[in-house]
Amino acid sequence: MTRFGTVRLIAGREVSTRLRSKVFRIATVVSILILVGITVAAKLAGGGPSYQDVGITPGAAPLTAALDATATAIHVDLHTHAVADDIGRRQVRDGKLDALLVGTPGSIQVVVKSSLGDDLHSVLQLVAQRAALDRQVTALGGDPAEVATAVSAAAVTVTALEPPKKANGEQLAIGILTSILIYMALVLNGQAVAQGVVEEKTSRVVEILLGAVRPWQLMIGKVVGLGTVGLVQVAAIAFSGLAAAVATGVLRLHSLSTVGAIAWLIVWFLLGYAAYSLAFAAVASLVSRQEEVAAATTPVLMLLVVGYVIGISILPADPGSPLVAALSMIPIFAPTLMPVRLALGVVPAWQAVVSLAGVVVLIPLLLWIAARIYRNAVLRSGARVRLRDAWRAN
Amino acid sequence: MNRQLEIDRVSKRYGDVAALDDTTFEVRAGEIFGLVGSNGAGKTTAMRIVLGVLEADAGAVRWEGRPIGPETRRRIGYMPEERGLYPRMRVAEQLIYLARLHGMTAADARSSVDRWVERLGVAGRREDDVIKLSLGNQQRVQLAAALVHDPQILVLDEPFSGLDPVAVDVMSGVLREQAGAGVPVMFSSHQLDLVQRLCDRVGIVRQGRMVAVGTVDELRNQGEEELIVRAPAAPPGWAAALPGATVVEESAGSTRLALHDGADDQVILHAALETGPVHEFTRARPSLTDLFRHIVSIEDQS
């Protein structure tokens, strides 16, 4: 059997064991549910139905066309309903209507439950002003329709000297989800590698295995096997989140930024996983009991947490933050920060390249270091091996 | 054909402690070689070095006259002292996996697993996770793990520890059968009566040094001859002052004496008869247990 045949065999065992693990299945399903839940929550937080219902009594009916036109002009979504006065008032009280227009075109009156929303207030204000204007134009012998056309044709031309730094709402949502997803994927799969390494030490099976294979084969096989499952897991979570977002209308599928964000998410998961899983494998090989895994992996975990916390606390408010831009080009923080910035659409090409190159260079270096520590520490059971001893020892 | 496993002047140090110090012995094809010694004497270190799990500081391990390499090591069946299997993996699946790691094809691995679970009486548990098995059955699976890839060499660290009497018989039978098929079998044990019964040759290790190697009879002949005297009426201490003999053990009318060179057993017989009737008067070779104690105590004094 070739050396890589052995690695494939080891990876294959990891894949089948992981797929059968209840913890893994539950974590995947829960992640999908959380992501779908967030999507649905985002949809609901966006204001239930996003339009407002306005009832119009027969007396105010001539205003209907003006109301619709004005609302459209200033991007307020209104549904108008012709109702009788008393029924309308009852519906306002029940919350079925947001407002009820009574009175006549000359004196507009609005009935609301407690207060009038700003949007609706602006619309009605404009309608009232327009009605007053129309009356003046008519009194002066002009044609209100002509004036209206001329007024609506007047528009402001905007020239932007710098493109906007703020991400739009859709990008922001994808950015936040990317941040959560890549952090969770790296932590879950990194921890799985750490636990797998320690399980082999605790159960002592590692000694039998090392009678047949080299330490590096065992370590790489584990990393590759768990990484393969992790990749499928991340893709499944990302795509079910995407499907939920498209189905609820939170995201538009054709949006290039969405597809791009998912592609980058997968690329960065692979790179981040390669780097971090090696670090997790190395530190886990120092301990022999499951109870010690958490303590041993804390330093590595902290690096992930720091990147995630910085990203999620700074980027949504300030996508262009120079601090985050700088950190995202440092290889240890790149996997948690760069995909988020990419999703927000605020990364110049050169920064993306620097960031990628850094991690790509780091991975073989980490592989060499991790293989050495693992080889020296993995057969030492009992007390925790000091990192320095594992590095030096033969 | 030089089908033997040679451990040639192997040394291994852990800091200031010499775990193995210039140790040399060989295990020949078809023989059962027992490695005995106190805890920490270096038995496990020697086996780990044979397996390539540890690297020796000096010396060489050879098989058929050539330094042992990864390909040969894959053909060793190994049972570590600290038993180890994946607890949450099914018996058959795990054995197939281990057989394939040792270079077997999937089909060969499956038929070999079928054979061994049948032979070792765990066929009914092949679809259970290892952790669900009784300790005795786990030991049987562990032995199967050492044998499943059809090894050329067997290296077993304390294979008998924790076994019930039936399992001891199964294990002894399997080791004899393997040796009979020409496999060199090397194992360590603290159960010296078992080693005496089972082994063709024995090596006694002490503080990393091989202090005695040979067949069981050779070793027993090296020790001082013993005399067992059963004289029920003899008062305690009756033999303390006899010339040329030392009391090894004295209990309820039975006394075991070590005879030094040139001692006259007839003097001892007379002394015994003076205490009353003598029901037994036997010359014997020391057991491996006594010999081991003797060797260890001599070394301790030096």
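Which residues of H1(B) are buried? Let's start there, and keep in mind that we are looking at a predicted model.

The buried residues of H1(B) are Lys43(B), Thr44(B), Thr45(B), Ala46(B), Met47(B), Arg48(B), Ile49(B), Val50(B) and Leu51(B). That makes nine of the nine residues of this helix, so H1(B) is largely enclosed by the rest of the structure.

Four strands form an open sheet in the order S2-S1-S4-S5 (chain B), and the pairing is antiparallel. Strand S2 (17–28) and strand S5 (66–67) of chain B are at the edges with a single partner strand each, so one side of each has no neighbour in the sheet. If sheets are new to you, strands of a sheet pair through backbone hydrogen bonds, either parallel or antiparallel. Take strand S4 (residues 58–63) of chain B: two bridges join S4(B) to S5(B), and these strands run antiparallel. Here you can find Trp63(B) opposite Arg66(B) in S5(B). Our helix from the opening, H1 (residues 43–51) of chain B, packs on this sheet, where it touches strand S1 (4–14), S2 and S4 of chain B. The direction of H1(B) makes about 115° with that of S1(B).

H6(B) has 16 residues and reaches 22 Å from its first C-alpha to its last, close to the 22 Å expected at 1.5 Å a residue. Its buried residues are Ala167(B), Met171(B), Val174(B), Leu175(B), Gln178(B) and Ala179(B). Why do we say that these lie on the same side of H6(B)? Because they cover an arc of only 130° around the axis. After H6(B) comes Gly182(B), which has a positive phi near 95°.

One more stop in chain B is a hairpin. Strand S9 (residues 201–206) and strand S10 (residues 209–215) of chain B pair in the antiparallel sense over six bridges. Gly203(B) stands opposite Val213(B) in S10(B). Two residues lie between the strands of this hairpin, and Gln207(B) takes a positive phi near 45°.

Now over to chain A. It contains 15 helices and four strands. The radius of gyration of chain A is 31 Å, well over the 21 Å that the globule rule gives for 394 residues, so chain A is more spread out than a compact globule. Its C-alpha trace spans about 100 × 45 × 35 Å along the principal axes. Of the 394 residues of chain A, 39% count as buried. Among contacts in chain A between residues at least 6 apart in sequence, 77% join residues at least 24 apart.

Finally, let's see where the chains touch. Here 18 residues of chain A are in contact with 22 residues of chain B. On the chain A side, helix H1 (3–20) and helix H8 (205–210) each supply at least two residues. The largest share of that side, six residues, comes from H8(A).

Conventions. Residues are numbered from 1 along each chain as its sequence is written. Chains are lettered from A and ligands numbered from 1 in the order in which they are written. This is a predicted model: local features need pLDDT of at least 70, side-chain atom pairs count only at pLDDT 80 or more; totals for chains, interfaces and linings use all residues. The expected span of a helix is 1.5 Å times one less than its number of residues. A residue is buried if 20 or more other C-beta atoms lie within 10 Å of its own, exposed if 12 or fewer, and partly exposed in between; C-beta atoms are placed from the backbone. The arc is that of the directions from the helix axis to the C-beta atoms. The radius of gyration is taken over C-alpha atoms; the globule rule is 2.2 Å times the number of residues to the power 0.38. Two residues are in contact if their C-beta atoms, placed from the backbone, lie within 7 Å. Two strands pair if DSSP finds at least two bridges between them. Axes are lines fitted to C-alpha atoms, for helices over the stretch in contact, and angles run from 0 to 180 degrees between N-to-C directions.
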